[in-house]
Amino acid sequence: MDHDLVFARDGFKLYRGEAGGPQDPEKVSARWRTARDRLHLPETFRLHDWRASKITNDLDAHENPVEVSANARYPSPGYTMARYGRRRAEGAKKLAASSASRIDLSSLV
């Protein structure tokens, strides 16, 4: 039973003490609000949004998917690519369609 607590994963520490231990959700939220305000981020910006942007940017920069997956703590590179690799494929299709229409290959689009 989690008692509505937030748990840090593995070696990550949200406060001084034992890594991976229970964190008070209100304190976690307060620390996030402080960091968000300091960085001048909108109130609607969530920590997960930042994480998703980082993963997408790393993959778009052709970083090693194995390392990106490990840094994101996903179970496998396949899982990471299934979640975030599709965005890259969609972008490539849009670019190909745009290029094809520019050189008058619209029948391929």
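**Entry 1: where H2 meets H3**

I looked up the contact of the two helices in this predicted model, and I found that Arg51, Ile55, Asp58 and Leu59 in H2 meet Pro65, Val68 and Ala72 in H3.

I then turned to the geometry, since two packed helices are described by the angle between their axes and the distance between the axes. The axes of H2 and H3 come within 10 Å and cross at roughly 170 degrees. Because angles over 145 degrees count as roughly antiparallel, I wrote down H2 as roughly antiparallel to H3.

**Entry 2: the nonpolar core**

Which residues make up the largest nonpolar core? I listed seven residues in all, namely Ala52, Ile55, Leu59, Val68, Ala72, Tyr74 and Tyr84. Helix H2, which runs over 47–60, and helix H3, which runs over 65–72, each supply at least two residues of this core, and the largest share, three residues, comes from H2. I set beside this the general remark that in soluble globular proteins, nonpolar side chains tend to be buried together.

Ala72 is a member of this core and also takes part in the meeting of H2 with H3, and I therefore looked up its partners under the 4.5 Å limit for a contact. Not counting residues up to four places away in sequence, Ala72 touches Arg51 and Ile55.

**Entry 3: Asp58**

**Entry 4: the chain as a whole**

I counted four helices and two strands in the chain, and, read along the sequence, they follow the pattern β-β-α-α-α-α. Buried residues make up 17% of the 109 residues. Among contacts between residues at least 6 apart in sequence, I noted that 19% join residues at least 24 apart.

**Entry 5: confidence**

For the chain, I recorded a mean pLDDT of 75, with 62% of its residues reaching 70 or more.

Definitions and conventions
Residues numbered from 1 in each chain as written. Predicted model: local features only at pLDDT ≥ 70, side-chain atom pairs only at ≥ 80, totals over all residues. Heavy atoms only, no water. Core = buried A, V, L, I, M, F, W, Y, C linked by side-chain atoms within 4.5 Å. Buried < 20%, exposed > 50% of the residue type's maximum accessible area, 1.4 Å probe, protein only. Axes fitted to C-alpha atoms, helices over the stretch in contact; angles between N-to-C directions. Parallel < 35°, antiparallel > 145°, perpendicular 65-115°, else oblique. pLDDT = per-residue confidence, 0-100.
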